[in-house]
Amino acid sequence: MRKSRLILVTAVLLVLAACYWAWRDRDRVALTLINPLLKGSSIEQLQGLQIGVGRVSIERLNIGLDSNAELQLENVRLLNPVSLLWAGSRNRAQLTIDKLRYTPRPIAVSTIPQPDHSDVPPARDLKLSEMVEPLYRYLPEKLQIAELRWGKEATQIGTLNLRRDSEQHSVHADFSSGGQRLSVLVRAPEGRARFVAHLGTEGQDPALSLTGELTPGDSGTWRGTAKLESDLQQVTDLPLSENLNDIAASASGKLAASIEMLVPDRVLQLQDYRHVSARLQSESLYLTLPAQLLGAAIQLSLSTRDPVVVKLARLQPLQPEAISGSATLKLTPTKQQAPAKAQAPMLELQVDSGTEQGRNSLTVTGSLHLDRARAVLQAPRWQQKLAPFSIDSPDGSVLFRGNASLKPPGDIRNSERQWLSDINLSFLPESRISLDVARAETQGSQPAQMGWQKGKVQLQLEEVLTLRIDQWPGDIQVAGGPVVLGALSDSGDINLDSQLQQIACTIARSTSCSMTLEISSEKITQPAINLVVHKPAIHTQVNVMLEGSRQRLQLQDMELSAAKIVRDETTAENTLLVSPQAECTLADGEPVCIAQQLTATLSILKTGELTASGSMKFGDVQFNRANRQPQLSSRFRSENFKLQIQGGYQLEPQLTGTLSLNGDLLRGDGQILAGPLQMQSQWHHNLDSAEGSTEFTLSEAAFSQRQPLSQSVTGLPMDIVAGTVSAKGHLSWPPTQRDFANLELADVALVFGDSFATGVKGQFALQRPGKHWQTVKPQPVQIDTLDVGLPVENIHFLLSLDENQDVKLGNLSAELLDGRLESQALVWNLVGAERRSQVSVSGISLRELTREMETENFAASGILDLQIPLITSAEGATVKQGTIEARPPGGRLRYYGAFSAEVLSNNPQLKLIAGALEDYNYRELSGTLEYPPSGDMQLQLKLVGRSASVDANRDLIINLNLENNIPAMLRSLQASRDLTEALEKQIQ
């Protein structure tokens, strides 16, 4: 018995000790007990907890909300706390707070993985039928907050008073701040709910008034009505946020709105809302939208001629049932120097809705005036999006009208959202847009290379451009044209006129668009590369297809033309590029372009001493980018292609081959055919460094009189009529030491004017170790016959070309008039520098000379030797102080009719000499020879001999000064023979 009492006493003492400890440390104990009951929120500080009979007080209470905000409460007093928990509808609790401060906390980015809430059960449905009871059960009978602060700096202060009347089934709340008052009255008698809210300045009519009612209906629904009336002039004084305060400061006019609907008991189930009817009416409503929205302050004006009524069969998915009414919307940029109401609007929109033939229709008419939108278009936010371009001086207007129809609710399935149909938006022909477009300095950009600094861009509709949508949401059809576009730079380097015709587009998941594009210009210049294009033009059918990240551009019947293209010393006239079809595909940012055929035609192309005309056909053209480098490949062949070199040489070659581009490196290989000429070449050219090279091989070409070189190449100073020619080489630009050229002639017959050479044999090897071409070593050359009027035979020499551009014929030997011509070195310079050579002519037969000259009044015999000091320069060939001498025993001269009878009758001495020359035997003949560049050779001869017609036993010395034009004499000799016959005789 005693043991049981001891245990009981001990237990009582322990309970008393625990209660004492809990009371003494009640602030911390309360945190431990309450925080687990708060979901997402927590009490961070509790100080000064006092619990008494019928009251609880707390000196300071800090609560962290799950929204990262914080509540700080001071001097909290709760009367009748037990009534709050267990009294039910008889709740008599009263709550008083001296200070309440609400501070939103900044949201910090956390790298801590968040817990998975996928297994958390969904929140309990919120039912209207169950909201009234908790309202009366848990809401204190009286709630008073003497000082309520909110905001980041907690500078906004207000007071809140709330009273609940259980007998009147009402809740009345008043909130005041800075002279403004919000009053809310809610009554819920017999399951209904009515509410009235007024917002405005104390002592004035409310700026906003909202009234509404919820009445129970059938099948667990509620009939809800609400009406909003506003006087926007009064909104100016309301304590709003900075942005809203700016809007409210400019607001004026009246706005009234009302709504009726069937509300489901489960108020959050939007798909169960039915028969929604909203009505909106405004009277001279004006407000100013802040610059943050569109980049400039814009005044919005809204007025309804007939109230706008919108009826929805269903809220989610949205199913409009009917729309009626009319409204006018205007947007006007504000200016400080003029009131916005007095300014012309930037955008004016007239919306009308009604019923036509049993269907609800919507009609829109409006205009956008760009000259009044300058402040918006020049705002920094839009200019940054257009960088590096900027726009200025907008002008013109866009006029449009549109209409649409609403589907009857019965035609809309629950799973469909296509409630709007037959949508048409037409841009009218009077529409015109003009903008000044400037480009910031961006080195290397295409506009910069083309010289676009600033210019005007214009767009004009000549006919209606229509957008049509059969059902919304759905495909968009665009049709119309023509649309005229123009671009003119201030510098005049770019002047484009373009036109889009037969526009037909479908905008959907896979968008397609087709149109006829025409672009023309008087002139386009690109100063960066010295390029000028005169009268360029483009005409093509454009088809554009977009599907996801894949874009396809197709050009059909494409024609690109230019009257004249000039770059540096290169000129192309009447250029035309034609392709039946070209296609480009862009996938993952990489373009791929294909054209089966491209034909480039030009009437004339001049570059340096080269002139070309005709067509080049390109086949299997492919272009793409790999590793950010362009790649191109194509086949090519010429058609009616003509080349003219140095203004005289012409040929009509057939060019075939392939070319490719990889980055900046352009490569090609091809074949040139021109009669018997057949050349293979491989070449490459670097577009960036303008460096390249080619290797060529001229296969052995055989010529004949029936197929001479002149049939392939016309205008050459000479023709090849027999023999074979072959060559190969390597050429670079700029020149390098690897360049070489090898030429081989075998039994070649050449014709130049009325002269010819046969049996030409030789191999020529050239290289370029420095600036100029040179022979590797002296090259042996043989010419069987050289006929310039007098035949020269068995010509042999060593041909060389040195770094000084000296052409040297070494060890020259030839046979002439039964004699021999020799020179250790015959030299002339290709650039005209003066060079001296010594030529020896020995054993010349005068008998053979007279035979070749075929003269009837002159005959001679004897052997002559000549020493000719030859000088060559830019002026031509010159001989000074050449010598001539006859070999013993001399010879005979017979010259008849040298002088007329009249001349001889007046000069007895001349008559004596003329008689002596008719039969003169000379022992000695010597003299000098002069040959100027004019070709008039001068001989000063001294002859010692005897003439039987004068005195057969006495020497007669005759001094002769002879002058003869050698080129004329040779031409005379050439004319005296048949060239063809002589050539055939030599060839055979």
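The largest nonpolar core contains 69 residues, and those touching the most other members are Leu 677, Phe 797, Leu 864, Leu 866, Tyr 922 and Leu 943. A second, separate core comprises 24 residues, including Leu 406, Ile 423, Val 483 and Val 542. The model is predicted. In soluble globular proteins, nonpolar side chains tend to be buried together.

**Overall architecture**
- The protein has 988 residues, of which 37% count as buried.
- Its secondary structure consists of 56 strands and 15 helices.
- When contacts between residues at least 6 apart in sequence are considered, 47% of them join residues at least 24 apart.
- The accessible surface amounts to about 57200 Å², and carbon and sulfur atoms account for 54% of that area.

**Surroundings of Leu 864**
- Leu 864 belongs to the largest nonpolar core and is one of the residues that touch the most other members.

**Gln 805 in its loop**
- Gln 805 lies in the loop that connects strand 46 (791-801) with strand 47 (806-816).
- Gln 805 counts as buried because its relative accessible area, 13%, falls under the 20% cut-off.
- With neighbours within four places in sequence set aside, the contacts of Gln 805 are His 772, Trp 773, Trp 828, Asn 829 and Leu 830.

Terms used
Residues are numbered from 1 along each chain as its sequence is written. This is a predicted model: local features need pLDDT of at least 70, side-chain atom pairs count only at pLDDT 80 or more; totals for chains, interfaces and linings use all residues. Side-chain values use heavy atoms; hydrogens and water are left out. Helices (H or I, at least four residues) and strands (E, at least two) are DSSP runs, numbered from the N terminus. Buried means under 20% relative accessible area, exposed over 50%, partly exposed in between (1.4 Å probe, protein chains only). Contact means heavy atoms within 4.5 Å. Accessible areas come from the Shrake-Rupley method with a 1.4 Å probe; for residues, only the protein chains shown count as cover. A nonpolar core is a set of buried Ala, Val, Leu, Ile, Met, Phe, Trp, Tyr and Cys residues joined through side-chain atoms within 4.5 Å.
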